[in-house]
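Subject: Handover of a structure for your review

Dear colleague,

Please find below the structure that I am handing over to you. My notes on what was found in it follow.

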Amino acid sequence: MSRPEPVSLAARDIHLSFGSNAVLRGVTLDVPAGTTAAIIGPSGSGKSTLLRSLNRLYEPDRGDILLDGRSVLKDNPDQLRQRIGMVFQKPNPFPKSIFENVVYGPKLAGIRKKSELEEIAEKALRGAAIWDEVKDRLDSSAMGMSGGQQQRLCIARA
């Protein structure tokens with residue numbers, strides 16, 4: 001399995017409100033390919049809202065989101081999510097089995113062979129340091145995992 005090429009991510013003048021509450025007001029950022037970025041600030045300042053906007057879990061009221069210089073706001077959000085993985089402070093596993101959470105992305109990418117999906121799942125779960133805890137219950141619901149396990153599952157999924 002080859003790694004996808006790193007992409008640059010940019011936000012341009014992002015605005016987002018929930019009713020009359022303006023949460024994001026003109027946010028602009030650039031994350032060059034191959035770099036790591038941290039978004040810091042006080043509670044309630046819009047950090048999680050910005051991240052959710054970048055992955056189109058929330059649609060901005062105005063502004064643009066660019067991958068490698070191309071706007072993604074008119075694309076299918078699932079296609080965007082195949083290229084950007086995010087794990088939030090509060091984990092959000094899908095209400096599916098542990099195995100189905102981890103192979104969600106590879107399945108979207110067209111991988112269907114069970115042996116290949118099993119190999120991908122094991123590698124991802126080992127990388128997230130959770131394999132030994134879950135290897136005997138991959139068909140169990142992710143919702144029954146502890147918070148720390150859910151966090152590591154979401155890292156493996158990303």
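How many aromatic pairs does the structure hold? The structure holds two of them, where rings of Phe, Tyr and Trp (its six-membered ring) pair if their centres lie within 6.5 Å, and planes under 30 degrees apart count as stacked, over 60 as edge-to-face and the rest as tilted. One of these pairs is formed by Phe-18 and Tyr-58, which are edge-to-face with 5.2 Å centre to centre and 75° between the planes. This pair links distant parts of the chain, 40 residues apart: Phe-18 belongs to strand β1 (residues 9-18), and Tyr-58 to the loop between α1 (47-54) and β3 (62-67).

Some conventions apply throughout. This is a predicted model, in which local features need pLDDT of at least 70 and side-chain atom pairs count only at pLDDT 80 or more, while totals for chains, interfaces and linings use all residues. Residues are numbered from 1 along each chain as its sequence is written, and side-chain values use heavy atoms, with hydrogens and water left out. Helices (H or I, at least four residues) and strands (E, at least two) are DSSP runs, numbered from the N terminus.

Regarding accessibility, buried means under 20% relative accessible area, exposed over 50%, and partly exposed in between (1.4 Å probe, protein chains only). Phe-18 counts as partly exposed because its relative accessibility is 39%. Tyr-58 is also partly exposed, at 30% relative accessibility.

Four strands form an open sheet in the order β2-β1-β3-β4, with antiparallel pairing; two strands pair if DSSP finds at least two bridges between them. β2 (21-31) and β4 (70-71) are the edge strands, each pairing on one side only. β1 is joined to β2 by eight bridges and pairs with β3 over five bridges. Leu-9 stands opposite Val-31 in β2 and opposite Leu-67 in β3. The hairpin of β1 and β2 has two residues between the strands, and Gly-19 in the turn has a positive phi of about 65°.

Helix α1 lies across β1, β2 and β3 and runs at about 65° to β2 (axes are lines fitted to C-alpha atoms, for helices over the stretch in contact, and angles run from 0 to 180 degrees between N-to-C directions). Its buried residues include Thr-49, Leu-50 and Leu-54, and the buried residues of α1 pack against β1, β2, β3 and α2 (77-83). Thr-49 counts as buried because its relative accessible area is 13%. Not counting residues up to four places away in sequence, Thr-49 touches Leu-16, Phe-18, Val-23, Leu-24 and Tyr-58, contact meaning heavy atoms within 4.5 Å. Both members of the aromatic pair described above, Phe-18 and Tyr-58, are thus among the residues that Thr-49 touches. Just after α1, Arg-56 takes a positive phi of about 60°.

Finally, Ala-158 is found in the segment after α7 (147-157) and is exposed, at 56% relative accessibility. Leaving aside neighbours within four places in sequence, Ala-158 is in contact with Gly-85, Met-86 and Val-87.

Yours sincerely
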